[in-house]
Amino acid sequence: MTETQTVSVLVVDDDREMRLSLVDLLEAADWRVEALPRAEKVAEHLSHFQPDVILSDVRMPGMSGLELLASLDADTAPPLVLISAHGDIPMAVSAMQAGAYSFVEKPYEPRRLLTILRHAAEQHQMRRTTERLRARLARLSGLDRVLLGATPELANLREDILDVAESPAAVLIQGETGTGKELVARALHDLGPQADGPFLALNCAALNPATFESEMFGEAGHHEGKLLLADGGTLFLDEILSCPPEVQAKLLRVIEDKQVTPLGASRPVPLRFRVVSATNEDMAEAIAEKRFRQDLSFRINTVELTLPTLRARRGDLVLLFTHFLEHYAQTYEVEPPNLTQEDLTALMAHDWPGNVRELRNVAERRVLAARRGGGSVTRALRVDLSVDEVPDTLREAVAAYERELIGKAITAHQGRMEAVAEALGIGRRTLNEKIVKLGLDKDALL
């Protein structure tokens, strides 16, 4: 939750003095608060006030706090924190089994109560943000879905692609590693008049001068050259500035003449293709260093497209990461993990040197960890995770392992205890007994 997001709380308590005391405490924290004396009025009140969290007494005339919890839609309702002067461990376990976010005994410690409510509110706000992003992703189509992003940098790039797609002009795509240069090249192909034709991608850094003509032009009576596979479509020259100097002259001739003569053949074979090239280097520097022919540069960069880095469009991070989580969750047949405030902070703090490619890999590691009932973005960003020391006794080792596994599951599933229990393969009662026995602080994990 950002500092500009205000927490909204609905207080439900039949005790007027306690109700007013809670309202004073929450308003002093600059939160938006509304209060009700009876739980029966909550359903109607939620039609015009949508709180981030509900704080309710347990024992009240009419509908109790536990009955209120049972009446709420677990998928859409805000989390419920129960408070009672009659609380004990059995009641706390029962409340958590029923789906309560947390249970607080009276007399409460104000700072602890505010922390619990803030964490619950953050969870709910993040869940609503994730739902909005997923709905937005579902509405996207065409180029908006291929080049995902809402920042001005991506909007301008999409417009540039649409402007140049219908043109036969050669395009040079510039951008750091992982920014999606081949994705843009394919978009230019798919949106252009050559969309029904082939898309031939060549890694210029891997071209061998000794075998270039045989592989690319072909040999009469033996095999066709690869360049023939680009006829009627797009020739994508990836890592163009890494092209060996001996090959550059031959490529220039093919691009200029739009024909190749297979080895041993007496006649050239005409070709029709559009040239799209890509590089993560500076072309002017490569030309100045005599590593790249200037005449070839004139042929391949009639139009230049520069792809923004991920760190230059941080406003797209959450949308992109949500998209990749959805993708890999479907691939691995699991529920996509919800983003937490900790996850959001980690996403924004990272510099993303690998750009979108790195973001995709982190999302996959996050989903793989969720399959095991744990994980976070912070852990997914770390590729050198250290192993903690093993406790001295077997009992301590088992307890430490259970504590870590349950803690990870609670974090991964945002405190949704049904999902945590299912992920761990145990019942809700067993799970809550272990939480109490192991001394786990659910609120601290969230």
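A crossing of two helices is left-handed if the near helix is turned anticlockwise from the far one by less than a right angle, and right-handed if clockwise. The model here is predicted: local features need pLDDT of at least 70, side-chain atom pairs count only at pLDDT 80 or more, and totals for chains, interfaces and linings use all residues. Residues are numbered from 1 along each chain as its sequence is written, and side-chain values use heavy atoms, with hydrogens and water left out.

**Exercise 1. Helices H13 and H14**

Task: Describe how H13 and H14 cross, and which residues meet there.

Solution: 
- Step 1: Start with the names. Helices (H or I, at least four residues) and strands (E, at least two) are DSSP runs, numbered from the N terminus.
- Step 2: Take the geometry. The axes of H13 and helix H14 (residues 341-349) come within 10 Å and cross at roughly 115°. Axes are lines fitted to C-alpha atoms, for helices over the stretch in contact, and angles run from 0 to 180 degrees between N-to-C directions.
- Step 3: Angles under 35 degrees count as roughly parallel, over 145 as roughly antiparallel, 65 to 115 as roughly perpendicular and the rest as oblique. H13 is therefore roughly perpendicular to H14.
- Step 4: List the partners. Leu317, Val318 and Phe321 of H13 meet Leu344, Leu347 and Met348 of H14, where contact means heavy atoms within 4.5 Å.
- Step 5: Sort them by class. The contact of H13 with H14 has six nonpolar, no polar and no charged residues. Here Ala, Val, Leu, Ile, Met, Phe, Trp, Tyr, Cys and Pro count as nonpolar, Asp, Glu, Lys and Arg as charged, and the others, Gly among them, as polar.

**Exercise 2. Helices H13 and H15**

Task: Now do the pair H13 and H15: what are the angle and the distance between their axes?

Solution: 
- Step 1: H13 (residues 317-331) packs with H15 (residues 355-371) at an angle of about 50°, and their axes are 9 Å apart.
- Step 2: The two helices are therefore oblique to each other.
- Step 3: The crossing of H13 and H15 is right-handed.
- Step 4: From H13, the residues in contact include Leu320, Phe324 and Tyr328, and from H15 they include Leu359, Ala363 and Val367.
- Step 5: By class, this contact of H13 with H15 has twelve nonpolar, one polar and three charged residues.

**Exercise 3. Two cysteines**

Task: How many disulfides are there, and are Cys204 and Cys243 buried or exposed?

Solution: 
- Step 1: Apply the rule, in which a disulfide is a pair of cysteine sulfur atoms within 2.5 Å. The count comes to zero disulfides.
- Step 2: Turn to burial. Buried means under 20% relative accessible area, exposed over 50%, and partly exposed in between (1.4 Å probe, protein chains only). Cys204 is buried, with a relative accessible area of 0%, and Cys243 counts as buried at 2%.

**Exercise 4. The surroundings of Thr309**

Task: Where does Thr309 lie, and which residues does Thr309 touch?

Solution: 
- Step 1: Thr309 is in the loop between strand E14 (303-306) and H13.
- Step 2: Thr309 counts as buried, at 14% relative accessibility.
- Step 3: Not counting residues up to four places away in sequence, Thr309 touches Glu176, Thr179 and Asn355.
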